[in-house]
Amino acid sequence: MTKQAAKASDKAVKKEKKAAKKMKSTICVEMGTLSVDISGVKNAVKKAVKEQGLEAKELKIYINTAEQAAYYTLDGQSDESFRIDLKTL
């Protein structure tokens with residue numbers, strides 16, 4: 001293998017590694033005909049918490065596929081208003 005061929009091969013390997021680092025990934029949950037992006041659910045919950053003027057150290061999100069809704073708790077506390085309709089995302 002010539003030096004030029006070796007350099008070209010090294011460049012190709014480096015490009016592949018760089019491309020792998022830039023790969024975007026998304027996690028989706030499918031519920032019948034509805035498909036939601038998990039990061040979208042998280043953002044919607046955080047927005048709802050902020051709009052309600054609430055703060056917490058711990059936020060937990062629960063996806064209820066039967067109801068096509070996400071429920072959340074703040075520091076272990078829940079409320080009937082802590083709900084996001086996933087059909088609206």
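**Strand pairing and side-chain exposure in the predicted model**

Residue S35 lies in strand 2 of a structure that is a predicted model. With a relative accessible area of 43%, S35 is partly exposed, because the value falls between the 20% limit for buried residues and the 50% limit for exposed ones. When its neighbours within four places in sequence are left aside, S35 is in contact with C28, V29 and E30. A further relation across the sequence is that between S35 and K87, which are 52 residues apart along the chain but 8.9 Å apart in space, taken from C-alpha to C-alpha.

The position of S35 can be read against the pattern of the strand that holds it. In a regular strand, side chains alternate between the two faces of the sheet. The partner of strand 2 is strand 1 (residues 28-31), and the two are paired in the antiparallel sense over four bridges. Within this pairing, M31 stands opposite L34 of strand 2. The two strands form a hairpin with two residues between them, and in the turn G32 has a positive phi of about 65°.

As to the overall arrangement, the protein has two helices and five strands, which follow the pattern α-β-β-α-β-β-β when read along the sequence. Of its 89 residues, 19% count as buried. The accessible surface comes to about 7,400 Å², and carbon and sulfur atoms contribute 51% of this area. Among the contacts with a sequence separation of 6 or more, 28% are accounted for by residues 24 or more positions apart.

An open sheet of three strands, with antiparallel pairing, has the order 3-4-5. Strand 3 and strand 5 (83-85) stand at the edges, and because each has a single partner strand, one side of each is left without a neighbour in the sheet. From one strand to the next, the twist averages 20°. Helix 2 (residues 38-51) packs on this sheet and touches strand 3, strand 4 and strand 5, its direction making about 125° with that of strand 3.

The pairing of strand 3 (residues 59-64) with strand 4 (residues 69-74) is antiparallel and extends over six bridges, and within it I63 stands opposite A70 of strand 4. Strand 4 also contains T73, which has a relative accessible area of 14% and is therefore buried, the limit for this class being under 20%. Not counting residues up to four places away in sequence, T73 touches E58, L59, K60, Y62 and S78.

One of these contacts of T73, L59, is found in strand 3. In contrast to the buried T73, L59 counts as partly exposed, at 32% relative accessibility. Together with I61 and I63, L59 forms a nonpolar patch on the surface, and the accessible area of the three residues together is about 190 Å². The 32% relative accessibility of L59 is above the threshold of 30% that residues must exceed to be included in such a patch.

Methods
Residues are numbered from 1 along each chain as its sequence is written. This is a predicted model: local features need pLDDT of at least 70, side-chain atom pairs count only at pLDDT 80 or more; totals for chains, interfaces and linings use all residues. Side-chain values use heavy atoms; hydrogens and water are left out. Two strands pair if DSSP finds at least two bridges between them. Patches are made of residues with over 30% relative accessible area and no salt bridge: like charges are joined within 9 Å, nonpolar side chains (Val, Leu, Ile, Met, Phe, Trp, Tyr) within 5 Å. Accessible areas come from the Shrake-Rupley method with a 1.4 Å probe; for residues, only the protein chains shown count as cover. A salt bridge is a side-chain nitrogen of Lys or Arg within 4 Å of a carboxyl oxygen of Asp or Glu. Buried means under 20% relative accessible area, exposed over 50%, partly exposed in between (1.4 Å probe, protein chains only). Contact means heavy atoms within 4.5 Å. Axes are lines fitted to C-alpha atoms, for helices over the stretch in contact, and angles run from 0 to 180 degrees between N-to-C directions.
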